[in-house]
Amino acid sequence: MVAMAEPWRHPETGTYYLRRQIPKPLREEFGGRQLWKRSLDTKDAAEARRVFAALNAELERRFEAARVAIEERAAGTKLTLPQAQAALARASALHRGSRFDRLPVLSNVFWAEEAGAARMGGARISILPDPTPANLATMDPNHLPGDVWLRIVRTRTRKDILFMAEHMVLWIHGDLRGEGGFGDLHRSEDNDWLLTEVVTSAIESEQADLRLLISSPHRPTGTRLRPRMTLGELVDEWKNKTPAPGSQGAHETSTTVADFIDYVGDLPVSQINGDHLYNFRDAVASLPNAMPHALRALTFNARLKACRDLEGPRVAPASVKRRIGHLQALITHAFNQRWIEANTGSGIRIEGYSKNTKNRRPFLDDELARLFSCDLFLKPTGWLETRNTVGDMTLAWMFLLGLTNGARIEEIGQTELANVKRDGGVLYLDLGADAVVKNENSRRMIPLHDVIIELGFETYVDALRSAGETRLFPDLKPNMFDKLCKEASRVANRLIDKVVSDDPRLAFHSLRHNFKDFARDATIEKYILDQIMGHAGVTTGDKYGVGARLKTLKRELDRISFDMLEGSGIKAAFVALDWTKALERRR
């Protein structure tokens, strides 16, 4: 004998519940749940039995409906929600001609009152013109297609709504006939109601999208895609972007593009794919690292042919990366401007390349001692007039300034005499608005360390001014990209190779690393160090204010000890030097 269901009393709260196991075959209809539990909201046994009887009868009806639904679905006549959504999507797709694919219902169908309709105010299906800018401009967001239908749904009974939905159901079923869909689906109240709910939900969602389009001041005016733009045309567009690329970067990119065009042709950018880029990568990597100048003047394909049998090291991975990077930057720019649909330049791997491949390292203490005890610093009276285009006097001061303030070589080399200033007794270099710097954070005032003052730097500056010069290092000449220190960097690094070490990680820029380490040894606050070196802060607090005052920077800077200068003969050699005569000898 099967026990009758009865209220269940919670052992702790005393509240009664309807608590029943859902039959296993029916659980899928209840979202996979095993137990049906509803509070009867009472602790009184008699009241619980009364409420329980009504809720239990309703649950039995749900069990029966679930059995019928399962049977209908087994017979292929019961729609599920995903099936109903798919049916609507497919029927709408058959009509879709609009460019606005996110409006699949409203761009094809809307509900409107039909003149002389039945007593319920019949509805019919009508075609809505594409929501072009002209059509959108005439639409009233308070009276949109679909409003009539939504009013019916919100105010009528289920029976009335199904009566009104007859055309809509026939539309979906009829358009799917012969399409392998639901054209032969069993018509039932449940199926019709599910289709009606799906359409109503789609209309509500898409009306929100349509209102957004109507209210937008920037209506769609056509595609931004430029399928016929060639790589050569893209380079011209890229050069005119804001901010514009530097002259050296623009030149190197143009050279890479010329090689790429010679290799694969001047394709439309939209047709450049990963295969083109990978093949060009491999071709660049196959070239020799050291190439005669006569071969460099050849076209890329001719260069490949001429160098095919040459022996020796191939192009370094970092150089290959730089060349591919030029193309990636162009393709990314086109993608960001919506001129192409896909960024085919992303993710190109360069074998052997690592960001750490050319990492600089600071000089060791004995290496710094060897550098600053060489003849360049101890025998200034024997300074050469020039080393190519860089005089020994210029080279010596650039090394000393780089060591004692951590500035980049181009920042030092471009300094105008007008930007060697004094404020409150503090002598400093002003890398302000006129300076060409790496980024905006590099615009700064750099106080000069006491050791530089003691070496006679201010006397050197006065001698330059008396001689009518305008720049701190007048012998530096700009190259084709207006860079003053390209040759100075090469000469400085050759000196390092000669008197210190030919370790490729050691270069003039290593002094910047040394300066940062010396400042850490002196326990200088990070925000002070960042300000002196032109590094951007990373915290929100770093963005407040304009930074420490100049006298604070000077006080902290002078706490750093440069033993390799203090213990050498540099001071004696520099102090004894007549800077005016030294400049005259150089001229």
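Questions on a predicted model

User: In the predicted model, which residues of the largest nonpolar core touch the most other members?

Analyst: This predicted model has a largest nonpolar core of 76 residues. Its largest share, 9 residues, is supplied by helix α16 (residues 392-405). In soluble globular proteins, nonpolar side chains tend to be buried together. The core members that touch the most others are F372, W397, F399, F457, Y460, L472 and F574.

User: Which residues does W397 touch, not counting residues up to four places away in sequence?

Analyst: W397 is among the members of the largest nonpolar core that touch the most other members. Residues up to four places away in sequence are not counted here. On that basis, W397 touches I452, L455, G456, F457, Y460, F473, F574 and W579.

User: What percentage of the residues in the protein is buried?

Analyst: The protein contains 26 helices and 8 strands. Among its contacts with a separation of 6 or more, 68% join residues 24 or more positions apart. Of the 587 residues in the protein, the buried share is 43%.

User: Which residues in α7 do the residues of α4 meet, and is the crossing left-handed or right-handed?

Analyst: On the α4 side, the residues are D147, W149, L150, V153 and R154. They meet T196, T200, I203, E204, Q207 and R211 in α7. By class, this contact has 4 nonpolar, 3 polar and 4 charged residues. The crossing of α4 past α7 is left-handed.

User: Is V284 buried or exposed, and how far apart in space are V284 and V320?

Analyst: V284 is in helix α10 (residues 274-285). Its relative accessible area is 3%, so V284 is buried. Not counting residues up to four places away in sequence, V284 touches F300, V315, V320 and R323. Although V284 and V320 are 36 residues apart in sequence, their C-alpha to C-alpha distance in space is 6.4 Å.

User: Does N419 count as buried or exposed?

Analyst: N419 is placed in the loop between α17 (409-413) and β6 (420-423). Leaving aside neighbours within four places in sequence, N419 is in contact with Y428, L429 and D430. Because its relative accessibility is 15%, N419 counts as buried.

User: What is the phi of D41?

Analyst: D41 lies in the loop between β3 (35-39) and α1 (45-74). With a relative accessible area of 68%, D41 is exposed. Most residues other than glycine have a negative phi. D41 is a residue other than glycine with a positive phi, near 55°.

User: What is the phi of R338?

Analyst: R338 is found in the loop between α13 (317-336) and α14 (365-371). At 39% relative accessibility, R338 counts as partly exposed. R338 is not a glycine, yet its phi is positive, at about 65°.

Notes
Residues numbered from 1 in each chain as written. Predicted model: local features only at pLDDT ≥ 70, side-chain atom pairs only at ≥ 80, totals over all residues. Heavy atoms only, no water. Left-handed = near helix turned anticlockwise from the far one by under 90°. Helix = DSSP H or I, 4+ residues; strand = E, 2+ residues; numbered from the N terminus. Contact = heavy atoms within 4.5 Å. Nonpolar A, V, L, I, M, F, W, Y, C, P; charged D, E, K, R; others polar. Core = buried A, V, L, I, M, F, W, Y, C linked by side-chain atoms within 4.5 Å. Buried < 20%, exposed > 50% of the residue type's maximum accessible area, 1.4 Å probe, protein only.
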